[in-house]
Structure formats: structure tokens, C-alpha cells
4 protein chains.
Amino acid sequence: MAAPATCADPAGRVQASFERQSIMRLLGASLDVVEPGRVDIVLPYRADLCQQNGFLHAGISTTIADSAGGYAAFSLFHPGEDVLTSEFKMNFLAPAKGERYVASGRVVKPGKRLSICQVEVHAYEGEQATLCVIGLLTAVRVTPR
Amino acid sequence: MAAPATCADPAGRVQASFERQSIMRLLGASLDVVEPGRVDIVLPYRADLCQQNGFLHAGISTTIADSAGGYAAFSLFHPGEDVLTSEFKMNFLAPAKGERYVASGRVVKPGKRLSICQVEVHAYEGEQATLCVIGLLTAVRVTPR
Amino acid sequence: MAAPATCADPAGRVQASFERQSIMRLLGASLDVVEPGRVDIVLPYRADLCQQNGFLHAGISTTIADSAGGYAAFSLFHPGEDVLTSEFKMNFLAPAKGERYVASGRVVKPGKRLSICQVEVHAYEGEQATLCVIGLLTAVRVTPR
Amino acid sequence: MAAPATCADPAGRVQASFERQSIMRLLGASLDVVEPGRVDIVLPYRADLCQQNGFLHAGISTTIADSAGGYAAFSLFHPGEDVLTSEFKMNFLAPAKGERYVASGRVVKPGKRLSICQVEVHAYEGEQATLCVIGLLTAVRVTPR
């Protein structure tokens with residue numbers, strides 16, 4: 001992937017930034033779908049990512065949801081701009097139990113400064129998906145000075 | 001720590017459950033303060049917990065905030081009861097940059113079924129603390145059947 | 001509408017409860033769509049419902065969104081049960097400016113005790129709709145003792 | 001109150017803007033405390049502001065909480081600047097039942113563009129106060145062009 005950080009290609013810019021998120025490597029998460037305004041991140045189940053009952057910890061499903069939402073916003077930014085999360089809210093609909101988890105971020109309202117994204121996390125057991133998390137997130141566009 | 005899971009001692013019950021949260025070991029987080037209705041969790045800085053700019057990932061500060069809030073509620077429950085997070089909302093006030101992070105959870109309104117908690121994360125550089133995250137969380141009491 | 005409060009008909013039960021929400025009369029809001037798991041409320045523009053710039057006050061778009069979400073949950077309850085809002089989060093995407101506003105509530109995840117709903121408010125200028133508010137809401141089922 | 005909208009005095013600027021919020025007149029709400037970074041709004045009970053059980057509608061306690069939070073942020077702005085709410089989240093801790101309600105907004109983190117505020121609503125029965133709502137709000141500073 002040559003010089004993705006400075007090219008206009010959204011997928012390349014998202015991939016380059018994602019690779020700098022060291023926590024994604026620690027968790028074993030990777031980018032799945034990257035389209036303008038939409039990013040999916042996949043995380044295989046691991047026993048060391050869990051809460052007290054062996055379900056994925058709510059903070060970890062939130063971590064991939066946050067990156068999916070932030071990068072969905074980032075995919076619409078100009079080269080050189082960066083993204084920060086201002087706030088998010090997550091509702092946990094079902095225990096996160098499955099062999100893999102997919103976090104999807106989608107821009108509901110792009111903005112010059114603030115972009116509002118909807119995020120979801122599904123747990124997969126084979127091909128069966130359960131919606132575990134639904135959330136809303138505000139991403140801030142950071143422009144170089 | 002003898003048989004804490006079945007004793008009335010809140011600190012013992014919190015400690016025993018916290019030790020079953022495998023994610024806390026992976027992140028290197030540990031319990032700090034445990035009082036009835038109040039739990040603090042401390043997380044030392046590590047380069048592998050970061051987002052693209054080297055700050056603690058918002059999802060990871062949320063992970064310790066979620067556990068701090070959940071265990072603050074749990075500390076008021078009866079032995080044998082468990083806790084789940086129903087929802088939370090976090091505002092990120094400053095980049096999480098410091099040598100260690102302390103998440104505090106405090107019960108604002110205990111309830112038979114739902115407990116509302118306020119959570120905060122401070123980043124410490126030496127003794128200087130910066131408030132990085134403020135949030136609200138709903139914890140659900142799960143009673144054995 | 002004969003004895004709707006005790007009949008099984010969801011639309012009748014929603015209508016009967018809605019008529020007891022005195023604030024809806026004060027604002028001039030009325031029920032539009034009522035289906036199992038989905039309720040829309042319509043509010044015509046009035047100059048006395050506004051904030052300092054003449055847009056609908058965020059709290060008033062929230063008021064109809066809250067009732068739409070709560071009644072969407074309520075529409076799936078049993079006769080005799082009641083609904084309370086536990087919490088909600090709203091993102092304001094655009095100034096609420098139009099000749100009428102439509103709040104839609106839709107149950108994302110029904111539950112024995114907690115139901116999670118997505119809510120939206122669109123502002124209409126003629127047939128042109130602008131999404132002004134998107135939110136998430138937790139409704140609590142209250143069972144008679 | 002002579003020309004408050006263009007003077008530096010925060011209380012004067014808040015009062016002048018508050019008087020343009022027509023909804024506050026309709027509800028019967030008025031400013032109570034106005035200090036830099038802190039605003040309280042008081043609302044006497046009225047039967048026509050209620051939900052189906054005769055409690056203050058959650059959207060109406062939210063309406064005064066939103067204005068209290070927004071004006072707390074606004075009180076720290078420069079003359080000529082305006083405020084918009086980007087998002088809020090409210091937890092309802094107890095049914096809002098009392099002879100009057102007081103919404104308090106307090107700036108937790110002022111910012112060049114975004115200010116984060118904590119909001120609370122207490123219901124009063126005589127001198128006895130019950131905390132009914134706790135919330136977090138993001139206010140946006142709007143600068144004249």
C-alpha cells in the first residue's frame with residue numbers, strides 16, 4: 001500500500017490510520033468493509049476479551065464500534081484531516097456472545113465540523129447474526145493548522 | 001481471599017468478579033478504590049492501547065469506565081446477584097494522554113432493577129490529573145432464578 | 001372510542017393514553033401512525049414553541065420524540081401495563097425549521113422489562129422532509145401490582 | 001434592561017436571549033440563578049405540562065434542562081455569539097412530581113467550539129428536593145460571520 005496517508009483514496013486513508021491504532025492489533029480486530037461513509041470492523045472471539053460471564057466486554061464491543069463510526073466519518077474527510085470522537089452513546093441489546101463480532105459505522109449526517117454516525121455491533125454464530133449494540137456517535141473533523 | 005463470591009463483603013465480591021473479567025488482565029487494569037457505591041480502576045499507559053495519535057483509545061477509557069460504573073452498582077447488590085450494563089453515554093473532554101488513567105464509578109441513584117451511575121476518567125501525568133471522560137451509565141441487577 | 005384502555009387493541013390503548021398526556025394538547029401534537037412497535041406524532045409549527053432564533057426548541061422536538069418512542073414500546077405491551085422513559089439520547093442534526101414536524105418511534109429491541117427504541121424527528125416544508133433529530137430511548141414496562 | 005444583547009454582562013445576555021425563547025413563556029418557566037458557567041431555570045407545576053400519570057412530561061423537564069445547559073455555556077461566550085445544542089442524554093431517576101421544578105446547567109468543560117455541560121432537574125415539594133433528571137449536553141458556539 002504505497003503512500004496511502006496522502007492519497008485521496010478513502011479506503012487507503014482509512015487503512016493507513018487503522019493500522020496506527022495499536023489497540024486494534026492487540027484485540028485482533030481488522031477492517032472489513034470500507035466505503036465512503038461506511039466502515040465495518042470484524043473481531044474474532046477471544047477468551048481474553050471478556051467480562052465476568054464470558055461475553056465480550058461492553059467496552060470492547062464499544063471500542064470497535066467507536067473505530068467503525070469514527071472511520072466512517074473519516075472516509076468522507078479530505079486527505080490530511082484527522083478524526084476525534086466527541087461523544088457516543090451505546091445501548092446493549094443482548095449479551096455479546098458469538099464466534100465473531102462485526103461493528104458497522106455509517107454516517108447519518110456529515111458536517112463541516114461534526115459528523116453524526118450510527119453504529120451497530122452484531123455477534124455472529126456461523127451465519128446467524130444477533131444485534132448486540134446500537135449507538136450514536138459524534139465525530140469531530142480535525143484540520144491541519 | 002477466601003470464598004468472596006458468596007460473602008456479604010462488597011469489596012470481596014467486586015474483587016472476585018473483577019478477576020473474572022479477562023479483558024482487565026489483557027489491558028493491565030486493576031481495582032483501586034472499592035467502597036459501597038464507589039469503585040475506581042487504574043490503568044497504566046501502554047503503547048498498545050492507543051488510537052492513531054498515540055492517545056488511549058476512547059473505547060479503552062470507556063472499558064475501564066464501564067467496569068468502574070458497573071462495579072459501583074454491583075457493590076450495593078446482594079451476594080449472588082450479578083450486573084449487566086444496559087447503556088452508557090460518554091463525552092470525551094480531552095485527549096487521554098498520561099502515564100496512567102483512573103476511572104471512577106459512583107452510583108447516583110440505586111434501584112431495585114436499574115442503577116444509574118456517573119463515571120469519569122482522569123489521565124495522570126505525575127500528580128496532575130486531567131478529566132478526559134465524563135459519562136452516565138445504567139446498570140441492571142441480575143437476580144439468580 | 002369505547003373502553004380502549006382495557007381492550008387488546010394497541011391503537012386504542014395508545015390513543016387513550018396519549019389523550020391523557022395534557023402536554024400534547026398544549027403543544028397541539030396529535031397521533032399520526034400507530035402500528036405495533038411503531039408510532040408517529042405530528043406537531044404543526046407554532047411561534048410559541050421556539051427557541052431564541054425561531055426554530056422549534058430542541059426540548060419540544062424531544063418531547064414528541066419521547067412520546068413517539070414510549071408509545072411504540074407501549075403498543076407491544078399487554079393491556080393494563082404502563083410505560084415510563086428510563087433514559088434517552090438525542091442528536092440534533094439540523095435546525096428544526098418547517099411548517100410541521102413528525103416524530104417517529106420504532107422498537108429496535110422489545111424486552112420483558114426494557115424496550116429499546118430508535119426515534120427520529122423530520123421537519124416538513126411542504127413535502128420536503130429534513131431529518132432534524134435522531135435518538136435512542138429506553139422504555140420501561142410498568143406492570144400493575 | 002437596556003441593550004443587554006450587546007453588552008458584555010453575561011446575565012444580561014442570557015436574560016435577553018431567554019426572553020426570545022417563546023416556549024419558556026408558554027411553559028411558565030423563568031430564569032433563576034445566572035452566573036458565569038451556571039444557569040438555573042425554575043418551572044412551577046401545571047396540570048397541562050404532564051404525561052399520562054400527571055407527572056411532568058420527560059420532554060418538558062428536558063426542555064428546561066436543555067435551556068439551562070445551553071445558557072450555562074452561552075454565559076461564557078463573547079457578546080454576539082450564539083449557542084446551539086448538538087446533543088444531550090438524560091437519565092430519568094424518579095417521576096417528576098412536585099410543586100415546582102428547578103433545572104440546573106453547569107459547564108464541565110468549556111471549549112472554543114464545543115462546551116460540555118452537566119444538567120440536573122430537581123422536583124421540589126416545599127423545601128424537599130428530589131433529583132429527577134441527570135444529563136450531559138454538548139453546546140456549540142455559533143460565531144457571527
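Contact here means heavy atoms within 4.5 Å. Helices (H or I, at least four residues) and strands (E, at least two) are DSSP runs, numbered from the N terminus.

This is a predicted model, in which local features need pLDDT of at least 70 and side-chain atom pairs count only at pLDDT 80 or more, while totals for chains, interfaces and linings use all residues. Residues are numbered from 1 along each chain as its sequence is written, chains are lettered from A and ligands numbered from 1 in the order in which they are written, and side-chain values use heavy atoms, with hydrogens and water left out.

Two strands are taken to pair if DSSP finds at least two bridges between them. Strands of a sheet pair through backbone hydrogen bonds, either parallel or antiparallel.

Within chain B, strand S5 (residues 114–125) and strand S6 (residues 128–142) run antiparallel and are joined by 12 bridges. One of the residues involved is B:Leu114, whose bridge partner in S6(B) is B:Val140.

Next come the relations between copies. Chain A is superposed on chain B by a rotation of 180° with 0.0 Å of shift along its axis, at an RMSD of 0.0 Å. The two copies are thus related as by a two-fold rotation axis. The same surface serves both copies, since 100% of the contact residues of chain A recur in chain B. Of the residues of chain A, A:Lys89 comes closest to the rotation axis, with its C-alpha at 2.0 Å. Superposition is by least squares on the C-alpha atoms of residues with pLDDT of at least 70 in both copies.

Chains C and D can be described in a similar way. A rotation of 180° with 0.0 Å of shift along its axis superposes chain D on chain C, with an RMSD of 0.0 Å. In chain D, the C-alpha nearest the axis belongs to D:Lys89, 2.0 Å from it. Here too the same surface serves both copies, and 100% of the contact residues of chain D recur in chain C.

Strand S3 (residues 82–92) of chain C and S3(D) run antiparallel and are joined by 5 bridges. In S3(D), D:Glu87 is the bridge partner of C:Asn91. S3(D) is also joined by 10 bridges to strand S6 (residues 128–142) of chain D, again antiparallel. There D:Phe92 has D:Val133 as its bridge partner in S6(D). Strand S3 (residues 82–92) of chain D is mostly covered, with 10 of its 11 residues buried. Buried means under 20% relative accessible area, exposed over 50%, and partly exposed in between (1.4 Å probe, protein chains only).

Helix H3 (residues 58–74) of chain B is also mostly covered, with 17 of its 17 residues buried. At 1.5 Å a residue its 17 residues should span 24 Å, and its end C-alpha atoms are 24 Å apart, which agrees. The expected span is 1.5 Å times one less than the number of residues.

In chain A, helix H3 (residues 58–74) holds A:Ser61, which is buried with a relative accessible area of 2%. Not counting residues up to four places away in sequence, A:Ser61 touches A:Leu56, A:Phe92, A:Val121 and A:Val133.

A:Glu81 sits in the loop between H3 and strand S3 (82–92) of chain A. A:Glu81 is buried, with a relative accessible area of 12%. Leaving aside neighbours within four places in sequence, its contacts are A:Phe74, A:Arg141, A:Val142, A:Thr143 and A:Pro144. A:Glu81 and A:Pro144 are 63 residues apart in sequence and 6.2 Å apart in space, C-alpha to C-alpha.
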